[in-house]
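Colleague: I would like to go through the ligand site and the backbone of this model. Please show me the sequence and the structure.

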Amino acid sequence: MKKMFIGGRWMAAQDERTIPVVAPESGETFDRISRGGAHEVDLAVKAARSALAGPWGRMTATERGRVLMKIGQAVLDHADELAQIEARDTGKPMTTARNDITVLARYFEFYGSAADKVHGEVIPFVGGHHVSLLREPLGVTAHIIPWNYPAQMVGRTVAPALAMGNAAVLKPAEDTSLSALRIAEIAAAAGLPDGALNVVTGLGEEVGAALAAHPGIDFVSFTGSNEVGTLVQQAAARRPVKCVLELGGKSPQIVFADADLDRAVPIIVRAIVQNAGQTCTAGSRLLVQQEVYDQVVGRIAEAFAKVRVGTPEMDLDCGPVMNPAQLARVKRYIDAARNSGIPVLAEGRIAEGVPAAGFYVKPTLFGPVPRDNALAREEVFGPVLAALPFTDEADAIALANSTEYGLLAAVWTENGARQQRVAKAVQAGQVFVNCYGAGGGVELPFGGTKRSGHGREKGLLALEELSTTKTLVQYHG
Ligand code: NAD
């Protein structure tokens with residue numbers, strides 16, 4: 001049984017309640033985590049506040065950066081162990097889990113080395129005055145994260161918070177809390193002072209809701225579904241504190257007739273099957289210019305049919321989905337599309353020998369999908385790709401922008417002017433040209449437009465989100 005990490009100490013829930021930890025590859029329970037609640041959230045927020053008043057709050061930016069760099073190195077030193085934990089908890093292939101841990105380390109390295117490079121400004125003002133703009137931490141930051149990239153998400157949201165001198169309270173998803181707990185332990189051993197990072201495990205409606213509404217927090221970062229994101233923003237607004245939301249997506253791959261298909265095809269397939277499609281940035285809509293539609297979709301179908309699904313140890317193209325609810329959700333979309341007569345162009349295969357009670361689903365390519373069909377508009381969060389034809393550039397842009405989301409987009413064309421025009425017209429937080437950036441990309445500012453959320457994570461912009469400014473005006477005559 002895993003306890004929570006609060007104020008540098010392991011702590012069980014006050015009422016000793018626990019939640020089973022289930023392996024998606026087999027459906028078997030292999031551990032338990034603590035089911036915390038409002039009481040433990042309160043302890044964690046107080047521990048974070050104490051850390052700000054203690055050694056952590058007194059560290060210089062250089063010292064903080066050094067601690068973060070040490071955490072990054074410690075993550076690399078424990079990479080195999082962390083990858084095993086992550087693969088078992090999420091079901092993802094070992095190669096993906098290992099990559100996730102490398103990215104986790106990169107977040108600590110990147111923000112560790114940036115910690116002392118965020119400088120203030122001197123602002124020219126009326127005579128006799130000196131004006132400086134100081135950058136300061138927000139205080140106690142709350143971080144509520146989802147189950148698809150648990151370890152990466154810790155790095156993405158917590159590392160910049162710590163770099164700027166905040167103290168963090170982290171609530172991992174109830175399905176996948178193990179890596180966050182181990183990372184907190186590794187960080188403490190690497191020199192992170194008590195209370196700078198606290199991990200409270202439990203259910204979303206208990207721990208997550210209590211954290212978002214806690215009067216002692218100064219900021220909330222939430223990554224997850226639109227429904228819960230709205231609740232979190234409402235709770236933050238009542239305080240009111242700043243809130244960054246990273247929500248869903250329905251990202252288009254826009255393929256023009258002149259695209260380099262040898263390059264595009266494997267990247268497009270990977271962008272929807274990686275992590276079993278449970279990636280907010282999954283390229284889940286394949287928009288193809290009408291005159292090459294059959295050719296492009298034919299080639300994607302050929303590659304798609306070769307996709308293999310298996311256990312983490314089999315280390316194939318993708319693993320199971322996260323839990324029975326997710327399995328039911330993905331199957332519901334697949335069945336609804338089939339029942340409405342949308343052609344199945346290709347299916348991947350589930351490897352022989354996977355445990356029968358695991359949460360496996362066949363990756364499926366549908367097309368042509370009618371523009372008003374759910375598959376063309378809603379986030380499945382599974383390995384399901386919807387192909388749709390478009391006529392010309394204007395139609396491609398209109399179609400790309402026709403969902404409520406705006407997270408990522410990719411443009412595949414050799415025409416440089418068209419690359420520029422389409423990239424500018426597409427509503428998305430990131431646009432990739434002749435490449436696709438799902439996952440990783442620690443250096444690249446990331447976040448949504450429209451219903452995909454607001455605020456930016458990753459890159460140096462995250463440091464602005466996780467800090468505030470103080471304008472200091474001194475009269476010197
Ligand atoms: P979710 O919204 O159900 O859960 C996310 C987190 O919120 C979990 O830790 C959960 O315990 C917590 N939570 C649940 N109810 C809560 C409540 N009432 N108050 C506070 N917290 C609560 O999402 P999920 O099912 O874990 O993840 C899937 C969704 O996340 C997808 O829609 C996906 O697109 C999105 N996502 C977005 C990004 C991004 O960066 N934009 C990244 C990963 C996932």
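Modeller: Helices (H or I, at least four residues) and strands (E, at least two) are DSSP runs, numbered from the N terminus. This is a predicted model, in which local features need pLDDT of at least 70, side-chain atom pairs count only at pLDDT 80 or more, and totals for chains, interfaces and linings use all residues. Residues are numbered from 1 along each chain as its sequence is written, and side-chain values use heavy atoms, with hydrogens and water left out.

Colleague: Where is Pro240, and is the peptide bond from Arg239 to Pro240 cis or trans?

Modeller: Pro240 belongs to the loop between H9 and strand E11 (242-246). Omega for the bond from Arg239 to Pro240 is near -5°. That bond is cis.

Colleague: What is the phi of Glu16?

Modeller: Most residues other than glycine have a negative phi. Glu16 lies in the loop between strand E2 (9-11) and strand E3 (18-23). Although Glu16 is not a glycine, its phi is positive, about 60°.

Colleague: How many residues surround the ligand?

Modeller: A residue counts as near a molecule if one of its heavy atoms lies within 4 Å of it. Arg156, Glu174, Ser225, Leu247 and Glu379 are the closest. The number of residues surrounding the ligand is 29.

Colleague: Which element gives the largest share of the shell around the ligand?

Modeller: Helix H8 (204-212), strand E10 (219-223) and helix H9 (226-238) each supply at least two residues of the shell. The largest share is 4 residues, and it comes from H8.

Colleague: How far is a polar side-chain atom of Glu174 from an oxygen atom of the ligand?

Modeller: A polar contact here is a pair of N or O atoms within 3.5 Å. A backbone N or O atom of Gly204 is 3.4 Å from a ligand oxygen, and a polar side-chain atom of Arg156 is 2.7 Å from a ligand oxygen. For Glu174, the distance from a polar side-chain atom to a ligand oxygen is 2.5 Å.

Colleague: What percentage of the ligand's accessible area does the protein cover?

Modeller: Accessible areas come from the Shrake-Rupley method with a 1.4 Å probe. On its own, the ligand has 840 Å² of accessible area. The protein covers 88%.

Methods:
Polar contact = N/O pair within 3.5 Å; in protein donor to acceptor, adjacent residues only side chain to side chain.
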